[in-house]
Amino acid sequence: MNNYYGWNVSLSDSQNYINSCKLIVKDDSAFLNFKSDQNYNVILEHVDQNLGNDYFNHILNFGKNLFDEFFEKFCENDSIGNPNLYLYHGKKISPTTLRYVKNCLDIIDLCSGIEIKKIVEVGGGYGGLCKTLSVLCEFEKYIQVDLPEAIKVQEKYLKFFPEVFSKLEFLPCNELKNIENVDLFISNYALSELNIESKIAYFDNVIKNSKIIYITYNSTIDYNLFVDMLKNHGFNFKSGYKDYGYHNNTVIAAKM
Ligand SMILES: C[S@@+](CC[C@H](N)C(=O)[O-])C[C@H]1O[C@@H](n2cnc3c(N)ncnc32)[C@H](O)[C@@H]1O
């Protein structure tokens, strides 16, 4: 399982993650606590309490009203899988959901004034960003592209939110096909972790057919090459979106 489907993470991390995805799908008791599973946490649901503070402060600065108004809806993402919850100004929420809320504030700002009907997300993990974005964006179709094992976790998880589930399509990455007329392409700490061949495959099949893109890039590998591909295709970059964390993450936000 070397470089599993073009994913540039260590063999042991990808193997442990894939095995925990399989267990989460097969075993309901593992599913009950999957957000606290250490093997799963290497890849997902690992925002710590301090980093959560950075996201919380960002939200206070850029979206306090939306956060207060939709707090209960955002917390639905914490209702499944037993995540670690902490108090932020008296509000109990997981740091990972705070990060998804911050991502959503970026996305809402980036897309303001534009109708977003069709979204494609690559590497959506268990589907937390999709669930969180559904609170603020009335999309009609959301296509999740991920590893086959992760797709099964997403299906199991997002079924708990029937309104969102009814708008979803699932596409395992080994069945990647051309997807046309995409309003918004999202990849949160995922596309950046893939090898260049996989990045190009996503560019050719989805990104170049998208009007708006939001990518958090958590590595420097292929960064300049990838940015040049987007610019050469005609994407205009929007500045002003910053990220937090321990890896100099960059937010790529661009429009056709
Ligand atoms: C670091 S996680 C990011 C998860 C999620 N976007 C988040 O922000 O919480 C990387 C994601 O990339 C997915 N992934 C790995 N290889 C992939 C591939 N070839 N195509 C699509 N997704 C892939 C993993 O299954 C996982 O969901």
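Okay, let's start with helix 5. It has 16 residues, and at 1.5 Å a residue it should span 22 Å; the end C-alpha atoms are 23 Å apart, so the two agree. Bear in mind that this is a predicted model.

Where does helix 5 sit? Well, 14 of its 16 residues are buried, so the rest of the structure largely encloses it. The largest nonpolar core has 63 residues, and the ones touching the most other members are V101, V120, L184, F185, I213 and Y214. Helix 5, residues 95–110, gives this core its largest share, seven residues.

Let me pick out one of those core residues, L184. If you ignore its neighbours within four places in sequence, L184 is in contact with C111, I116, I119, S210, I212 and Y214. Y214, you'll remember, is also on that list of residues touching the most other core members.

Now, over to another spot, C21. You'll find C21 in helix 1, which covers residues 11–26. Is C21 buried or exposed? There are 27 C-beta neighbours inside 10 Å, so C21 counts as buried; the cut-off for that is 20 or more. And which residues is C21 in contact with, once we leave aside the neighbours within four places in sequence? Those are E149, A150, K152 and V153. Along the chain, C21 and P148 are 127 residues apart, and yet 9.7 Å is what separates their C-alpha atoms.

On to the ligand. We've got 22 residues surrounding the ligand, and the closest are W7, G123, G125, C173 and A190. As for what kind of residues these are, the shell splits into 13 nonpolar, seven polar and two charged. Two elements that each supply at least two residues of that shell are helix 6, at 128–136, and strand 4, at 141–146.

Finally, let's zoom out to the whole chain. Buried residues account for 41% of the 256 in the chain.

Conventions: Residues numbered from 1 in each chain as written. Predicted model: local features only at pLDDT ≥ 70, side-chain atom pairs only at ≥ 80, totals over all residues. Near = placed C-beta within 6 Å. Helix = DSSP H or I, 4+ residues; strand = E, 2+ residues; numbered from the N terminus. Nonpolar A, V, L, I, M, F, W, Y, C, P; charged D, E, K, R; others polar. Core = buried A, V, L, I, M, F, W, Y, C linked by C-beta atoms within 7 Å. Buried ≥ 20, exposed ≤ 12 C-beta atoms within 10 Å, placed from the backbone. Contact = placed C-beta atoms within 7 Å. Expected span 1.5 Å × (residues − 1).
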